[in-house]
Amino acid sequence: MSALSDADVVDLFDRADDGLVLLDAEGTITYGNAAAATLLGLAPGAPVVGRHFGRPAAFDGRQRIELVGAGVVDMHVTPVRHSSGSGWILSLRGADTGIDTDVVAASFHEIRNNLTAVLMAVDAL
């Protein structure tokens, strides 16, 4: 198996479902795929590179953040050093709110049943 070319690697990253962002030491985006653009709330085709993202609050690991005008995402931060300096690789994924909709629906069903019983009792009076 031969090594992938730089163009092949960029093509693979561009096809990723997760938003992939490379930040320089100042927090400026030097690479961002289409999924990152979507998660950042940018219009289709809008440039990602050159935008200031800021420095991650946690320099290594996972965190949930709210992106202004774009919503909540789960972000995994990996610090990197390379020939032209240092920065971070960010993997962004739309945040699961952690709410199980089946549990919420069942809860509302139970509440509604109890309220129905109360309303029937009130009507009987």
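The model is a predicted one. Its largest pocket has a volume of about 210 Å³, and helix α1 supplies the largest share of the lining, namely four residues. The structure also holds one aromatic pair, formed by Phe13 and Tyr31, and both of these residues are listed in the pocket lining.

**The largest pocket**

- The residues that line the largest pocket are Asp6, Val9, Val10, Phe13, Leu20, Val21, Leu22, Thr30, Tyr31 and Ile89.
- Two or more lining residues come from each of the elements α1 (6-14), β1 (19-24) and β2 (29-32), with α1 giving four residues, the largest share.
- Sorted by class, the lining of this pocket comprises eight nonpolar residues, one polar residue and one charged residue.

**The aromatic pair**

- The rings of Phe13 and Tyr31 form a tilted pair, with 6.4 Å from centre to centre and 55 degrees between the planes.
- Because Phe13 lies in helix α1 and Tyr31 in strand β2, the pair ties together parts that are 18 residues apart in sequence.
- Phe13 is partly exposed, its relative accessible area being 41%, whereas Tyr31 has a relative accessibility of 19% and counts as buried, since the cut-off for buried is under 20%.

**Leu22 in strand β1**

- Leu22, which is one of the residues lining the largest pocket, has its place in strand β1 and counts as partly exposed at 27% relative accessibility.
- When neighbours within four places in sequence are left aside, Leu22 is in contact with Thr28, Ile29, Thr30, Tyr31, Val80, Trp88 and Ile89; among these, Thr30, Tyr31 and Ile89 are also listed in the lining of the largest pocket.
- Leu22 and Gly87 stand 65 residues apart in sequence, yet their C-alpha atoms are 7.3 Å apart in space.

**The largest nonpolar core**

- The largest nonpolar core has 17 residues, of which Val21, Leu40, Leu90 and Leu92 touch the most other members.
- The elements giving two or more residues to this core are β1, α2 (34-39), β3 (61-67), β4 (71-82) and β5 (85-94).
- Val21, named among the core residues that touch the most other members, is likewise one of the residues lining the largest pocket.

Methods:
Residues are numbered from 1 along each chain as its sequence is written. This is a predicted model: local features need pLDDT of at least 70, side-chain atom pairs count only at pLDDT 80 or more; totals for chains, interfaces and linings use all residues. Side-chain values use heavy atoms; hydrogens and water are left out. On a 1 Å grid over the protein atoms alone, a cavity is a set of points where a 1.4 Å probe fits but cannot get out, and a pocket is an open set with protein on both sides within 12 Å along at least five of seven lines; lining residues have an atom within 4 Å of a point. Grid points are joined across faces, edges and corners, and a volume is the space filled by probe spheres set on the points. Ala, Val, Leu, Ile, Met, Phe, Trp, Tyr, Cys and Pro count as nonpolar, Asp, Glu, Lys and Arg as charged, and the others, Gly among them, as polar. A nonpolar core is a set of buried Ala, Val, Leu, Ile, Met, Phe, Trp, Tyr and Cys residues joined through side-chain atoms within 4.5 Å. Buried means under 20% relative accessible area, exposed over 50%, partly exposed in between (1.4 Å probe, protein chains only). Rings of Phe, Tyr and Trp (its six-membered ring) pair if their centres lie within 6.5 Å; planes under 30 degrees apart count as stacked, over 60 as edge-to-face and the rest as tilted. Contact means heavy atoms within 4.5 Å.
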